[in-house]
Amino acid sequence: MPLDSTGKINFDDIYTEPDPRAFFGTLRRLDYGIPQQAKAYFAKLIDEYRSERDVKVPTVLDLGCSYGVNAALHRCDTSMERLYDHYASAGSLSRDDLIARDRRMVERLAVGDEVRFIGLDASAPALDYALAAGFIDDAIHADLENEDPTEEQRALLADVDIVISTGCVGYVTEKTLVRIARANRPWMAHFVLRMFSYGPVADSLGELGYETAGIDGVFRQRKFASDEEQTQILDNLSVAGLDPRGLEADGRLYARLFVSRPNGAAGGLASALNALPLRDQG
């Protein structure tokens, strides 16, 4: 498989299929687990926002949501391993039948923790599926790196309380995050691969009154897909002055978690997240 401009394997094809079977099948082989590790942190973030802002049903924007994985994990209180099994067992079901099965899963497993999820992605097929399956409540199909949001998209962004992501920051930059932040100054939590700097995002958000703090530790994303990919990523880390020993040098990509919130107090939010158990970290 070819490498993309960042040095990673190009997975574009699995994000544009009409359903998520290729997505889950490919990523299971690579032990892709960052959404599972993120789940507890996002849940804590939502609880902190709900308590502090007295908002019963917060609106969460999942940036780079693909097929609605983060929303599905939260809404169904499930795990990546169960989702891997779920789609591996789909066999030759038609897309419509698979959507119907997913909607039944949502109805059966939906927890009482009320959250409105909006998915933002550049892949229309992935968004369409996430919406049809009931994982997300609304969708924004947009490339905010290169274009301002439309009037309709601005209206949706104006309702956003929290922005989350599990891997797209680095592919999207401060351009996208600033366009989102301008609408409603939402809280943010982003898992960012170590080879990408969150500094430009933090600086740009800082101009809008945000404070940023990092969460302790690192988080396993997935195995390298090839020796070539690992070599390129190790080169990128070396250029960035980062030590891969005990981390990427051992065969996996790792991320850090950053929280940004307006009007200060990011440090307090980071402390609340740091209090969570470390069992899912690298």
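This is a predicted model: local features need pLDDT of at least 70, side-chain atom pairs count only at pLDDT 80 or more; totals for chains, interfaces and linings use all residues.
Residues are numbered from 1 along each chain as its sequence is written, and side-chain values use heavy atoms, with hydrogens and water left out.

With contact meaning heavy atoms within 4.5 Å, and not counting residues up to four places away in sequence, Ile 180 touches Leu 61, Leu 63, Leu 120, Leu 144, Leu 157, Val 163, Pro 186 and Met 188.

A search of the whole structure finds 13 aromatic pairs (rings of Phe, Tyr and Trp, the last by its six-membered ring, with centres within 6.5 Å; planes under 30 degrees apart count as stacked, over 60 as edge-to-face and the rest as tilted). One of them joins Phe 23 and Phe 24 edge-to-face, at 5.0 Å centre to centre and 85 degrees between the planes. Phe 23 counts as buried because its relative accessibility is 2%, buried being under 20% relative accessible area, exposed over 50% and partly exposed in between, with a 1.4 Å probe and protein chains only. Phe 24 has 3% relative accessibility and therefore also counts as buried. The rings of Phe 24 and Tyr 84 are edge-to-face as well, because their centres lie 5.7 Å apart and their planes stand at 80 degrees. This pair links distant parts of the chain, with Phe 24 in helix α1 (residues 21–29) and Tyr 84 in helix α4 (residues 80–88), 60 residues apart.

Glu 145, in the loop between β3 (138–141) and α7 (151–157), is buried yet has no salt bridge, and the nearest side chain of opposite charge, Lys 175, is 5.2 Å away. A salt bridge would need a side-chain nitrogen of Lys or Arg within 4 Å of a carboxyl oxygen of Asp or Glu; Lys and Arg count as positive, Asp and Glu as negative, and His and the chain ends are not counted. A polar atom of the Glu 145 side chain does lie 2.7 Å from the backbone nitrogen of Thr 173. Glu 48, by contrast, is found in helix α2 and is partly exposed, with a relative accessible area of 25%.

Terms used
Helices (H or I, at least four residues) and strands (E, at least two) are DSSP runs, numbered from the N terminus. A polar contact is a pair of N or O atoms within 3.5 Å; within protein, one must be able to donate a hydrogen and the other to accept it, and residues adjacent in sequence count only if both atoms are side-chain atoms.
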